[in-house]
Amino acid sequence: MRFTSLIIELIRARPRLMFWLVVSAQALLWVVVPLLVYAGPPDGVATVLAYGREYQVGSDLGPPLAFWLADIAFRAAGGHIAGVYVLAQLCFIVTFYGLFQLARSMVGPQHAVIAVLLTSTITAFAEAGVEFGPLVLARPLWALVLWHSWEIIGRRRRNAWFALSIEVGLLLLTTVAAPALLLLPIGFALATARTRRALMSLDPLFGLLVIAVLVLPYGIWLVRADIFALPPLPATAELTERAILAAALFGGLLVALGGVALLALLNARFDRRADDAPVVYRAPVDPLARQFVYFFALAPALLGSIAAALFGLPHVVGGAGIALLLVGLAVVVATGDLIRLRRQRVLRAAWAALVAAPAVAVILIAVVQPWVSPTERATSLPARDIARFFGDSFERRTGRPLPAVAGDPELAGLIAMGRSRPHLFLDATPARTPWVTPATFSERGGVVVWRAADTAGKPPPDIAQRFPEIVPELPRAFERMIAGRQPPLRIGWAIVRPKAAQ
């Protein structure tokens with residue numbers, strides 16, 4: 001009697017249930033793991049919260065939506081970083097929901113679940129998804145844009161225009177890469193006579209009106225800030241270096257697909273004996289759907305790598321999560337109308353190992369690295385202890401909540417997450433934090449922090465030059481969650497008293 005595992009029966013009989021089990025379990029995993037092993041937020045999250053606390057229409061970091069949502073989630077969790085972790089995983093769930101709905105409309109629900117299972121092994125959706133910011137928020141919006149674009153282009157459903165216009169507007173309020181990304185569905189829609197017919201109505205005009213209403217405040221801010229200029233193009237002498245960067249970025253995307261390649265290899269047929277593996281069927285795929293999937297599986301990755309290298313960016317334009325979103329679906333479409341699932345136990349174990357491997361790696365790095373390397377990770381800093389100490393110290397000295405913090409940007413960002421939510425003041429580049437100026441910082445007071453090299457706690461020359469009147473306090477040492485070979489974190493600090501209190 002042929003053996004068929006329960007997972008395969010769930011894929012064939014209850015694909016929607018299988019989808020929610022897989023996505024919910026992975027989202028829960030990446031809420032629990034950071035809460036267990038991260039003493040501080042991942043790199044960049046503290047800055048996102050500091051900018052979100054100001055509710056500016058725009059900033060040098062880009063459109064405001066991700067920053068606003070991060071602050072709302074942080075406050076909703078009672079000032080705990082768990083709120084931001086949950087928000088990041090809600091983005092993960094919505095991303096895969098949009099992917100599932102898109103795939104279901106093309107290849108049916110059973111093959112759509114297989115596409116989700118393949119995509120969930122891509123490492124770009126693992127630990128990187130915890131670092132909430134514009135790149136993470138852009139993923140669900142891009143997935144929804146692709147889904148509703150296909151509803152309009154491929155299935156001629158005009159009622160999807162309203163949802164698409166809202167998603168496009170929110171994407172424009174999320175990332176500076178949105179205009180470049182949106183050129184891809186526009187170009188695909190204009191490529192053939194069949195796709196152009198979907199645009200022959202008044203619905204696109206109403207959609208443009210909705211988008212204009214959503215992005216109008218940010219557009220006004222852009223005009224006033226006069227920051228429409230693109231980064232400078234590389235000189236001729238830098239072209240070789242930029243080409244290497246593009247190859248490295250694209251190679252990194254290929255490495256992230258290692259899990260998909262491994263599962264495909266394990267399911268391959270290596271002999272010509274009778275194949276009695278269970279089969280998952282689907283109806284034939286629309287040729288336009290096939291083109292849609294292949295185009296959006298390749299174009300964001302290839303063009304995003306080239307554009308990132310051209311402008312000297314450290315990551316693929318739009319992020320790896322957007323560039324690799326449809327790769328799993330592309331593999332499913334290319335496999336054929338019948339997918340035979342061979343070596344069921346091996347596939348099940350391999351998939352579980354690929355999903356769990358990034359979480360296990362994070363735990364091992366957090367536990368083992370302090371004992372084998374003096375290198376410091378952002379998540380090893382005791383953020384709550386640091387914020388509590390400096391907030392309480394200022395309040396005891398002055399009788400007022402801490403209004404602002406300056407000095408070392410990384411440490412200042414952690415203190416800005418404290419109970420009183422002080423303003424972040426980047427004193428080295430004050431134009432980046434216009435909500436605090438040197439004059440207002442001197443008038444209202446605050447705390448200046450830096451990494452102390454010794455027990456004397458003398459400030460670095462640049463900080464001493466910007467704050468010549470500060471009197472350094474004795475440095476404060478903080479124990480790490482796992483000390484290992486790393487010395488205690490020693491922070492030098494000084495209080496700038498409010499003028500009225502003086």
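**Close-up 1. Helix α17 and the second largest pocket.** With eight residues, helix α17 gives the most to the lining of the second largest pocket, as seen here in a predicted model. This pocket has a volume of about 660 Å³, and of the 33 residues that line the pocket, those closest to its centre are Gly 79, Ala 383, Arg 384, Ala 387 and Met 417. At least two lining residues are supplied by each of α2 (15-37), α4 (65-76), α17 (383-398) and α18. Sorted by class, the lining of the second largest pocket holds 18 nonpolar residues, together with seven polar and eight charged ones.

**Close-up 2. A nonpolar patch on the surface, with Val 372 among its members.** The patch covers about 620 Å² and is made by Val 360, Ile 363, Leu 364, Val 367, Val 368, Trp 371 and Val 372. Val 372 belongs to helix α16, which spans residues 344-372. Because its relative accessible area is 53%, Val 372 is classed as exposed, the limit for that class being over 50%.

**Close-up 3. Arg 156, a residue other than glycine with a positive phi.** The phi angle of Arg 156 is near 55°, and the residue sits in the loop that runs between α6 (134-153) and α7 (160-172). Is Arg 156 buried, exposed or partly exposed? Its relative accessibility is 47%, and Arg 156 therefore counts as partly exposed, a class that lies between the limits of 20% and 50%.

**Close-up 4. Arg 421, a buried residue in a loop.** Arg 421 is placed in the loop between α18 (409-415) and β4 (423-424), and although Arg 421 is not a glycine, its phi is positive, at about 50°. With a relative accessibility of 7%, Arg 421 counts as buried, since that class takes in residues under 20%.

**Close-up 5. Ala 143 in helix α6, viewed together with Leu 414.** Ala 143 has its place in helix α6, and its relative accessibility of 2% is the reason why Ala 143 counts as buried. How far apart are the C-alpha atoms of Ala 143 and Leu 414? A separation of 32 Å lies between these two C-alpha atoms, while along the chain the residues are 271 residues apart.

Key:
Residues numbered from 1 in each chain as written. Predicted model: local features only at pLDDT ≥ 70, side-chain atom pairs only at ≥ 80, totals over all residues. Heavy atoms only, no water. Patch = residues over 30% accessible without salt bridge, like charges linked within 9 Å, V, L, I, M, F, W, Y side chains within 5 Å. Areas by Shrake-Rupley, 256 points an atom, 1.4 Å probe, with all protein chains shown as cover. Salt bridge = Lys/Arg side-chain N within 4 Å of Asp/Glu carboxyl O. Helix = DSSP H or I, 4+ residues; strand = E, 2+ residues; numbered from the N terminus. Buried < 20%, exposed > 50% of the residue type's maximum accessible area, 1.4 Å probe, protein only. 1 Å grid on protein atoms, 1.4 Å probe; cavity = no way out; pocket = protein on both sides within 12 Å on 5 of 7 lines; lining within 4 Å. Points joined across faces, edges and corners; volume = space filled by probe spheres on them. Nonpolar A, V, L, I, M, F, W, Y, C, P; charged D, E, K, R; others polar.
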